[in-house]
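Student: I would like to learn how to read helix packing and a nonpolar core from a set of coordinates. Could you take me through one example, step by step?

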Amino acid sequence: MNWNTIASIATSIGVGIAAWQIWESRKLAQTKFEDSFDQQYRSLAMGIPVDALIGRAVDHEEKQDVREKIYNYLDLCNEQIYLRKKKRIRYSRWAVWRDGMKENLEKTAFREVWEEVKKESPQTFSFLTQLEEHSYMCDPAKWKS
């Protein structure tokens, strides 16, 4: 074996390692991006009374504040759906988010705000509306533009 052969093998190994590092960096960046939306959800959820989160009706005094927070949650959902449509969110993370959206929108306080928004401003959250129309069973990445 000569030095040219050894250099070629070393170069090939180096290129392989560099490609692997780029792949791993991309996966880490993707995870951080998706995690930022999880953090947004946690921040919103911390401001929503436990009664609303477990499906009970909210006290009248809290209703307006809860309504604002749930509206912001709907906006976050709509953005998550949009990002999945653009394939910026991995399917595994999307499936968890989708199931959470469905579960939350079945809860009394969430459902009331969602129904109000659909009635008063039907185009506000068009991606969320489309997901609901598909019974939460579709993948927005497969939607036609």
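**Reading helix 3 and its surroundings**

Tutor: Helix 3 has 23 residues and reaches 32 Å from its first C-alpha to its last, close to the 33 Å expected at 1.5 Å a residue, where the expected span is 1.5 Å times one less than the number of residues. Helices here are DSSP runs (H or I, at least four residues; strands are E, at least two), numbered from the N terminus. This is a predicted model, in which local features need pLDDT of at least 70 and side-chain atom pairs count only at pLDDT 80 or more, whereas totals for chains, interfaces and linings use all residues. Residues are numbered from 1 along each chain as its sequence is written, and side-chain values use heavy atoms, with hydrogens and water left out.

Student: Against which helices do the buried residues of helix 3 pack?

Tutor: Buried means under 20% relative accessible area, with exposed over 50% and partly exposed in between (1.4 Å probe, protein chains only), and contact means heavy atoms within 4.5 Å. The buried residues of helix 3, among them Val-66, Ile-70 and Leu-74, pack against helix 1, helix 2, helix 4, helix 5 and helix 6.

Student: How are two packed helices described?

Tutor: They are described by the angle between their axes and the distance between the axes. The axes are lines fitted to C-alpha atoms, for helices over the stretch in contact, and angles run from 0 to 180 degrees between N-to-C directions. For helix 3 and helix 5, the axes come within 9 Å and cross at roughly 70°. That makes the two helices roughly perpendicular, a class covering 65 to 115 degrees, while under 35 counts as roughly parallel, over 145 as roughly antiparallel and the rest as oblique.

Student: Which residues have the most contacts inside the largest nonpolar core?

Tutor: A nonpolar core is a set of buried Ala, Val, Leu, Ile, Met, Phe, Trp, Tyr and Cys residues joined through side-chain atoms within 4.5 Å. The largest has 30 residues, and those with the most contacts inside it are Ile-70, Leu-74, Ile-81, Met-101, Leu-128 and Leu-131. Helix 3 gives the most to this core, with 8 residues. Leaving aside neighbours within four places in sequence, Ile-70 is in contact with Ile-48, Ala-109, Phe-110 and Val-113.

Student: Is Tyr-136 buried or exposed?

Tutor: Tyr-136, in the segment after helix 6, is buried, with a relative accessible area of 9%. Not counting residues up to four places away in sequence, Tyr-136 touches Arg-98, Met-101, Lys-102, Leu-105 and Leu-131.
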